Number of protein chains: 2
Amino acid sequence: MNVGLYRGNTRTGAVDPASRGIAYGDGLFETMRVHAGGVPWWQRHWARLAAGAARLGIPLPDPGFVAAEVDRLLEGRSEGVLKLVVTRGVGARGYTPAPNADADWQLALHPLPVTEVSDGLVLRWCRIRLAHQPLLAGLKHCNRLEQVLARAEWLEADARERLADEGLLCDQEGSVISATAANLFVLRGGRWRTPALDGCGVAGICRQWAIDTLDAEQVRLAPTDVSSAEAVFLCNAVRGILPVARLDGRSWPPQPAVARARRLLAGAHPAFATEPS
Amino acid sequence: MNVGLYRGNTRTGAVDPASRGIAYGDGLFETMRVHAGGVPWWQRHWARLAAGAARLGIPLPDPGFVAAEVDRLLEGRSEGVLKLVVTRGVGARGYTPAPNADADWQLALHPLPVTEVSDGLVLRWCRIRLAHQPLLAGLKHCNRLEQVLARAEWLEADARERLADEGLLCDQEGSVISATAANLFVLRGGRWRTPALDGCGVAGICRQWAIDTLDAEQVRLAPTDVSSAEAVFLCNAVRGILPVARLDGRSWPPQPAVARARRLLAGAHPAFATEPS
């Protein structure tokens with residue numbers, strides 16, 4: 001078994017075709033690193049999920065039951081990526097949320113991504129601009145067509161040939177927000193900075209760790225603030241801190257400040273220990 | 001049977017838990033009126049779906065196969081609401097669209113809504129403001145959290161007591177866009193006008209019929225342009241043209257221009273024949 005399907009605090013055998021996930025993307029998700037048979041940041045992931053569920057009015061299942069099902073799914077597995085998707089309970093046709101319906105949710109275990117990035121990521125700028133919706137900003141919700149369209153701007157072949165590993169996204173006002181599946185940090189004047197996410201973007205778990213640990217500032221960033229930065233990294237909770245080597249014409253040799261951030265993360269969570277390269 | 005599940009041109013027995021519909025709302029839908037065992041605007045619905053699928057890069061199944069499955073589902077049924085949801089084919093975890101994967105899709109037949117509206121709808125203003133995303137504007141895509149949050153602003157009890165049947169939505173700039181599940185038309189200076197949908201909103205099938213038939217103008221509308229209008233109606237492809245009786249402090253007695261629009265629609269499509277009241 002590498003997928004578990006649930007409604008409220010009960011296992012189910014199938015996805016309800018009337019899922020509000022399919023109909024409206026009416027849900028939230030967490031993508032988590034599995035290491036040594038456990039989930040390093042489980043509490044933080046659950047806290048973010050709970051905050052999102054409170055904002056959307058989705059009743060979560062019992063956290064103890066979910067944790068037990070995670071343990072069951074991870075039994076005998078050491079490494080991987082765990083995805084938890086929670087969607088609002090099924091009600092009548094139409095947008096009206098069913099007031100007391102149990103949430104539908106699923107757990108799925110995936111292999112770790114294998115991309116070798118010790119020489120640093122190659123980034124590109126995406127053309128699509130993220131819309132501002134303060135009521136959804138920061139949430140890892142399931143309305144992700146913007147990210148799908150952004151990722152469709154370059155081909156898998158480009159990624160294989162290392163023409164582009166990831167894409168950077170600006171909002172409608174031209175401020176830099178994030179990559180398609182990672183947050184962004186830039187070193188300027190010796191201080192780490194990361195885009196403020198009050199209008200759009202996902203407030204990542206690894207991003208929060210980096211803000212706290214590196215005393216990073218949340219600011220507005222213009223594209224030139226990235227290209228002229230002293231160092232750049234991306235981060236997410238699956239891959240940790242990923243150095244950036246190139247963005248359009250600009251390239252960065254390995255930066256001690258990024259290496260230090262990676263060491264700090266590896267020290268805090270062995271899952272993210274830097275691979276010998 | 002009142003639900004059919006499919007992948008490409010094949011019937012399937014279940015929803016794939018890895019559906020990109022659930023993960024990202026990566027899909028499109030059509031909500032259609034069933035009348036006398038047929039779907040009055042089938043060609044228009046399919047054309048809109050195809051335009052959306054082209055914009056999102058989702059390969060549609062064979063239209064002849066879909067039409068045959070619709071006939072099968074409607075067999076023996078006369079009236080109802082038919083919902084078609086098409087989601088991008090399942091690929092690996094992550095935003096990258098699977099390049100040649102067959103789309104997953106479903107058909108579901110629902111009962112007609114029973115709300116009696118012959119005395120006109122009661123409208124309210126929603127607080128949430130729609131985000132601008134020109135790349136998705138007009139599409140009936142499955143990223144609908146804004147509509148879910150808008151609809152959650154008033155209770156079912158309010159609807160039952162006729163305190164609010166529907167809510168009007170503005171965009172981030174304060175222009176009026178639509179109701180949560182219907183388009184908006186206002187009569188001003190003897191001419192019908194409806195919000196332009198270049199930044200957000202759904203370009204409804206009944207809206208297009210009304211634009212063509214009533215020679216309506218697509219414009220920017222301020223909230224006061226609605227409250228001071230000579231007449232107001234909402235429309236969608238399930239319920240046709242719905243007169244508006246009240247919006248906050250303003251009320252409208254039955255308007256001959258709305259009655260005329262309803263007669264024209266009933267003449268074009270018997271499904272929308274005005275009920276005696």
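I am working from a predicted model, where local features need pLDDT of at least 70, side-chain atom pairs count only at pLDDT 80 or more, and totals for chains, interfaces and linings use all residues. Residues are numbered from 1 along each chain as its sequence is written, and chains are lettered from A and ligands numbered from 1 in the order in which they are written.

Sheet. I traced five strands in chain B, an open antiparallel sheet ordered β2-β1-β5-β4-β3. Strands are DSSP E runs of at least two residues, helices H or I runs of at least four, numbered from the N terminus; strands pair if DSSP finds at least two bridges between them. β2 (10-12) and β3 (27-34) of chain B are the edges. The twist averages 25° from one strand to the next. Angles run from 0 to 180 degrees between N-to-C directions, with axes fitted to C-alpha atoms, for helices over the stretch in contact.

I then checked β3(B) against β4(B): eight bridges, antiparallel. L28(B) sits opposite V86(B) of β4(B). Helix α2 (residues 42-56) of chain B packs on the sheet, touching β3 and β4 of chain B, at about 175° to β3(B). Contact needs C-beta atoms, placed from the backbone, within 7 Å.

Interface. I found 46 residues of chain B in contact with 46 residues of chain A. α4(B) gives the most to chain B's side, six residues.

I looked up F233(B). Leaving out residues up to four places away in sequence, F233(B) touches F185(B), I241(B), L242(B), P243(B), V244(B), V258(B) and A261(B).

Definitions and conventions: Contact = placed C-beta atoms within 7 Å.
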